[in-house]
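Here is a short tour for someone meeting this structure now. Please look it over before reading on.

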Amino acid sequence: RDPKVFWYAPEEKWVMIVSADKEMRFYSSRDLKDWTYMSAFGDGYGVQPSQFECPDMVQLPVNGDLNIKKWALIVNINPGCLFGGSATQYFIGDFDGTKFVCDTKPEVVKWMDWGKDHYATVTWSDAPDNRRIAIAWMSNWQYANDVPTSQYRSPNSVPRDLSLFAADGEIYLKSAPSPELLKLRDISKKRSFKVSGTRTVKEMIPGNEGAYEIELAIKNQHADIIGFRLYNDKGEEVDMQYDMKENKFSMDRRKSGDVSFNENFPTLTWTAIESGRNELKLRLFVDKSSVEAFGDGGRFAMTNQVFPSEPYCHIGFYSKGGSYKVDSFVVYRLKP
């Protein structure tokens, strides 16, 4: 089910990965017609119990070093998400043309995205400069058929360039917004200021119809909480914060707009962040029905749908336990 086929150059053969409930099965072929079973991976690995779907596998350099490469086996699961429902996890390891061997213990779980709405991820071959670009379906099977939209059932995520980085003895997948997205930027405005208590920016950009990008560069000055909320004049908001004591980034959509259509929709999602970081960078892609957050160049990503009755036109910054400096706050209106 959901086969993924790629060319394995060292042995000049095609490799197909097929999901089979709780495992991935590998087949090989020379002509794309006759296929031979080689091996399987996944039984007992990652979130259990769950159903494996939409497999993919890419080879990438670690920290940009072309002499050190690893394979990332991407597996979409349903159910099993940390916050309920469907999600994308991945495994890092080696592939010898026949079988995949994971670097970590079976119980280790690595999420490609830490939001509630990132599923059915696929990557693209033959991208410019040999890049690996991924796009996900922005929804969750817990409520995909109930979202308050017409003519469609949720959009795709923005395209993301994949790479690998090492931290604390582990290798992780990085998801960074693809550079082509820079061409969408239109009107922008840059500000810098200190936050000690609260600071509000009204009307972030003129003519805001709901699609914009925010770039934030923050330097902490002993604050325990670095927070900001996108909101509109209806009292609807998405609250995000860095908890510097717990080393977490979170996004709270429980007051984001219409959350009544399914009991599983109102959610706070979170991810761990590296400790001891006083300089933080964040990119937010906001659309009429979604917020996608990318921290520190994509070292974490978080994707959540929202359904406000009007665009979030304002942003309110707040601090607890100290202050922080917003070295750069830039808002770009995005062209259609």
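β1 (4-8), β5 (51-62), β6 (65-78) and β12 (160-167) each give at least two residues to the lining of the largest pocket. The model is predicted. The space in this pocket comes to about 750 Å³. Its lining holds 27 residues, and Val-58, Gln-59, Trp-71, Asn-130 and Arg-132 lie nearest the centre. By type, the lining has 16 nonpolar, five polar and six charged residues.

Next come the nonpolar cores. In soluble globular proteins, nonpolar side chains tend to be buried together. Here the largest nonpolar core has 36 residues. Ile-214, Phe-228, Tyr-242, Phe-249, Phe-317 and Phe-329 touch the most other members. A second, separate core has 23 residues, including Ile-17, Phe-26, Met-38 and Trp-71. Trp-71 also belongs to the pocket lining.

Setting aside neighbours within four places in sequence, Phe-329 is in contact with several residues, among them Lys-189, Arg-191, Val-201, Met-204, Ile-315 and Phe-317.

Now the backbone. Most residues other than glycine have a negative phi, and most peptide bonds are trans. Asn-78 and Pro-79 are joined by a cis peptide bond, with omega about -10 degrees. Pro-79 sits in the loop between β6 and β7 (87-95). Asp-129 and Asp-296 are not glycines, yet each has a positive phi. The table sets them side by side.

| Residue | Phi | Loop | Relative accessible area |
|---|---|---|---|
| Asp-129 | about 60 degrees | between β10 (119-124) and β11 (133-137) | 69% |
| Asp-296 | about 50 degrees | between β22 (290-295) and β23 (300-305) | 17% |

Asp-296 is buried, because its 17% falls under 20%.

One more aspartate remains. Asp-96 lies in the loop between β7 and β8 (100-102). It is partly exposed, because its relative accessible area of 41% falls between the two cut-offs. Its side chain reaches the backbone nitrogen of Thr-98 at 2.8 Å. That side chain also reaches the backbone nitrogen of Lys-99, at 2.9 Å. Beyond four places in sequence, Asp-96 is in contact with Tyr-8 and Glu-11. Asp-96 and Asp-327 are 231 residues apart in sequence and 47 Å apart in space, C-alpha to C-alpha.

Notes
Residues are numbered from 1 along each chain as its sequence is written. This is a predicted model: local features need pLDDT of at least 70, side-chain atom pairs count only at pLDDT 80 or more; totals for chains, interfaces and linings use all residues. Side-chain values use heavy atoms; hydrogens and water are left out. On a 1 Å grid over the protein atoms alone, a cavity is a set of points where a 1.4 Å probe fits but cannot get out, and a pocket is an open set with protein on both sides within 12 Å along at least five of seven lines; lining residues have an atom within 4 Å of a point. Grid points are joined across faces, edges and corners, and a volume is the space filled by probe spheres set on the points. Helices (H or I, at least four residues) and strands (E, at least two) are DSSP runs, numbered from the N terminus. Ala, Val, Leu, Ile, Met, Phe, Trp, Tyr, Cys and Pro count as nonpolar, Asp, Glu, Lys and Arg as charged, and the others, Gly among them, as polar. A nonpolar core is a set of buried Ala, Val, Leu, Ile, Met, Phe, Trp, Tyr and Cys residues joined through side-chain atoms within 4.5 Å. Buried means under 20% relative accessible area, exposed over 50%, partly exposed in between (1.4 Å probe, protein chains only). Contact means heavy atoms within 4.5 Å. A polar contact is a pair of N or O atoms within 3.5 Å; within protein, one must be able to donate a hydrogen and the other to accept it, and residues adjacent in sequence count only if both atoms are side-chain atoms.
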